[in-house]
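Please examine the sequence and the model shown below.

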Amino acid sequence: MNRSFSVFTVERTLPWHWYSAESVLRLEQERIFRRAWQYVGHLGQVAEPGSFFASRAGDVPVVVTRATDGELRAFLNVCRHRGSVVAEGDGRRESLQCPYHAWTYGLDGALRSAPRSDEVVREGVSLLPLAVESWGPFVFVRPTAEGESLRDTLGELWDALPVDGVAFHHRVEYAVEANWKIACENFLECYHCAVAHPGFSKVIDVSRDAYGLEEHRWHSSQYAPRRGEDAQGQFHFVWPNLKLNVYPGRPNLSIGPLWPDGPTRSRGFLDYFFAEGEDEAWIADLLELDDQVGHEDSALVARVQQGVSSGLLAEGRLLGESERLIAHFDRLIVEALSD
Ligand code: FES
Ligand SMILES: [Fe+2]
């Protein structure tokens with residue numbers, strides 16, 4: 001790791017109008033979210049043959065199924081009739097029925113039946129299959145057919161699944177009043193931690209010398225030692241929108257995506273995993289700290305959104321060392337959009 005701070009370079013942020021322009025968001029949906037592997041849920045949601053869950057990849061509705069043949073599949077969750085979203089939530093079912101005119105698809109995607117079937121040509125009609133792969137208990141979907149494997153995308157992270165043997169505990173959904181890139185960039189530096197997260201900084205050593213930053217082709221990692229103990233937190237970010245958090249201490253992990261919800265809002269969720277039968281009081285303590293950090297971050301990114309939307313400044317600055325994971329993310333944005 002480059003630990004020489006003798007030369008402090010300052011880089012530029014992305015152009016600030018990229019954080020509120022509709023045209024940029026349209027390009028991001030097309031060139032980033034349609035093309036990248038994205039976390040959509042976990043294997044526990046489709047453990048049994050005859051189960052499914054609905055999710056999304058960017059603005060693309062997705063349904064993941066396990067049919068009676070046991071195979072894991074993913075489809076565009078869009079009816080081939082007139083385009084309604086088909087499945088909602090998750091559960092055990094033999095088939096998925098569109099709520100609009102009741103076209104019914106098998107969990108293998110094939111159209112099985114439709115009312116007034118003498119008028120419907122069923123042959124060859126199927127939900128559109130999407131690429132699906134799993135990493136440990138985590139399910140990823142990529143809307144476009146072509147692209148590298150999930151394993152190649154995750155690189156070094158693939159073999160270093162941060163926590164083994166944990167079980168799904170619960171999911172938290174959230175929304176923030178900021179462009180999705182502002183929320184990602186906020187996740188990618190801890191320069192703000194000492195200032196804005198006093199509770200977190202009491203537990204974690206956020207000083208520049210202790211807090212490790214690593215960038216890779218498609219992901220970056222932050223290693224955060226616990227004060228006074230030989231334990232380390234890990235905060236990974238996988239392009240384009242995945243957060244993976246491991247707090248120091250007992251086995252724990254949270255993972256989830258963040259999507260644009262219009263140019264100046266984002267939504268996401270985090271799936272929390274703990275050791276089976278973990279002490280609920282210990283979990284509650286961890287969640288309290290995590291929740292506090294989350295609230296602090298929501299306020300920070302909303303303020304940034306207001307600031308960068310003012311229209312009078314073209315861009316800002318990035319610290320050469322402490323914010324180099326943002327520079328890495330921003331380079332990937334530029335690379336994807338100029339493709
Ligand atoms: S849109 Fe799905 S059945 Fe008509
Ligand atoms: Fe933060």
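A pocket is an open set of grid points where a 1.4 Å probe fits, with protein on both sides within 12 Å along at least five of seven lines, and its lining residues have an atom within 4 Å of a point. The model examined here is predicted. Rolling a probe the size of a water molecule over the atoms shows where empty space is left.

Which residues lie nearest the centre of the largest pocket? They are K243, D290, V293, G294 and D297, and the lining as a whole comprises 31 residues. Two or more lining residues come from each of β12 (166-176), α4 (180-187), β16 (242-246), β18 (266-275) and α7 (280-308). Of these elements, α7 gives the most, with 9 residues. The volume of the largest pocket is about 660 Å³.

The lining of the second largest pocket divides into 11 nonpolar, 4 polar and 5 charged residues.

Attention now turns to the cysteines. A disulfide is a covalent bond between the sulfur atoms of two cysteines. How many disulfides does a search of the whole structure find? The search finds 1, and this disulfide joins C190 to C193, with an S to S distance of 1.9 Å. The torsion about the S-S bond of C190 and C193 is about -105°, so the disulfide is left-handed. Both C190 and C193 are buried. Burial requires a relative accessible area under 20%. C79 has a relative accessibility of 5% and therefore counts as buried. C98 is likewise counted as buried, because its relative accessibility is 3%.

The next topic is the pairing of strands. Strand β4 (residues 60-66) and β5 run antiparallel and are joined by 5 bridges; within this pair, R66 has L72 of β5 as its bridge partner. The two strands form a hairpin with 5 residues between them, and G70 in the turn has a positive phi of about 85°. Strand β5 also pairs with strand β10 (residues 129-135), in the antiparallel sense and over 2 bridges. In that pairing, A74 has L130 of β10 as its bridge partner. Is strand β5 enclosed by the rest of the structure or exposed, and why? Of the 5 residues of β5 (residues 72-76), 4 are buried, so the strand is largely enclosed by the rest of the structure.

A further group of strands forms an open sheet. This sheet has 3 strands in the order β7-β8-β9, with antiparallel pairing. Strands β7 (95-97) and β9 (111-113) stand at the edges, each with a single partner strand, so one side of each is left without a neighbour in the sheet. From one strand to the next, the twist averages 40°. Between β7 and strand β8 (residues 104-106) there are 3 bridges, and the two strands run antiparallel. The bridge partner of Q97 in β8 is T104. In a regular strand the side chains alternate between the two faces of the sheet.

Technical notes. Residues are numbered from 1 along each chain as its sequence is written. Chains are lettered from A and ligands numbered from 1 in the order in which they are written. This is a predicted model: local features need pLDDT of at least 70, side-chain atom pairs count only at pLDDT 80 or more; totals for chains, interfaces and linings use all residues. Side-chain values use heavy atoms; hydrogens and water are left out. A disulfide is a pair of cysteine sulfur atoms within 2.5 Å. Buried means under 20% relative accessible area, exposed over 50%, partly exposed in between (1.4 Å probe, protein chains only). On a 1 Å grid over the protein atoms alone, a cavity is a set of points where a 1.4 Å probe fits but cannot get out, and a pocket is an open set with protein on both sides within 12 Å along at least five of seven lines; lining residues have an atom within 4 Å of a point. Grid points are joined across faces, edges and corners, and a volume is the space filled by probe spheres set on the points. Ala, Val, Leu, Ile, Met, Phe, Trp, Tyr, Cys and Pro count as nonpolar, Asp, Glu, Lys and Arg as charged, and the others, Gly among them, as polar. Two strands pair if DSSP finds at least two bridges between them. Axes are lines fitted to C-alpha atoms, for helices over the stretch in contact, and angles run from 0 to 180 degrees between N-to-C directions.
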